[in-house]
Amino acid sequence: MYTETRTDGFTAVEDGFAGYTVYDSNHEKIGKVDDLFVDANDQPEYIGVKMGFRGTSSTLIPVGIATIDSDQGFIEVSQPKSV
């Protein structure tokens, strides 16, 4: 398996949550995981999410407010989408 090593605070999204859908606390779709940002210890810190029609906008979600369901391939954020 190929693992991309980067030193700029990013990691290859394939290493973590590629293809995961992100939902809010009301189970409304926010978007799809686009990027993963890690801290100095290579621990996930923020999840980059493409949102909107055709993924034309994006947002960063702190990992601390997210619940990751690896079995189902989705992430739930503890805040509503409108916040």
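What share of the 83 residues in the chain do buried residues make up? I looked this up before anything else, and in this predicted model the buried residues come to 30% of the chain.

**Entry: elements and surface**

I went through the secondary structure from the N terminus and found the order β-β-β-β-β-β-β, that is, 7 strands and 0 helices. For contacts with a separation of 6 or more, I noted that 35% are between residues 24 or more positions apart. I also looked up the accessible surface of the chain, which is about 5500 Å², with 47% of it belonging to carbon and sulfur atoms.

**Entry: nonpolar core**

I turned next to the largest nonpolar core, which has 13 residues, and I listed the members that touch the most other members: Phe17, Val22, Val33, Ile47, Val49 and Ile75. Two or more residues of this core come from each of β3 (29-38), β4 (44-51) and β7, and β3 gives the largest share, with 3 residues. I keep beside this the general remark that nonpolar side chains tend to be buried together in soluble globular proteins.

**Entry: aromatic pairs**

I looked for ring pairs and found 2 aromatic pairs in the structure. In one of them, Phe17 and Tyr20 have ring centres 5.5 Å apart and planes at 55 degrees, so I recorded the pair as tilted. Phe17 counts as buried because its relative accessibility is 10%, under the cut-off of 20%, and Tyr20, at 12% relative accessibility, also counts as buried.

The rings of Tyr23 and Phe74 have centres 5.9 Å apart and planes at 80 degrees, which is over 60, so this pair is edge-to-face. I noted that Tyr23 sits in strand β2 (residues 21-23) and Phe74 in strand β7 (residues 74-77), so that the pair links distant parts of the chain, 51 residues apart.

**Entry: positive phi**

Which residues other than glycine have a positive phi? I noted His27, with a phi of about 60 degrees, and Asp42, with a phi near 60 degrees; most residues other than glycine have a negative phi. His27 lies in the loop between β2 and β3 and is partly exposed, with a relative accessible area of 45%. Asp42 is in the loop between β3 and β4 and is exposed, because its relative accessible area is 56%.

Definitions and conventions
Residues numbered from 1 in each chain as written. Predicted model: local features only at pLDDT ≥ 70, side-chain atom pairs only at ≥ 80, totals over all residues. Heavy atoms only, no water. Phe/Tyr/Trp six-rings, centres within 6.5 Å; stacked < 30°, edge-to-face > 60°. Buried < 20%, exposed > 50% of the residue type's maximum accessible area, 1.4 Å probe, protein only. Helix = DSSP H or I, 4+ residues; strand = E, 2+ residues; numbered from the N terminus. Core = buried A, V, L, I, M, F, W, Y, C linked by side-chain atoms within 4.5 Å. Contact = heavy atoms within 4.5 Å. Areas by Shrake-Rupley, 256 points an atom, 1.4 Å probe, with all protein chains shown as cover.
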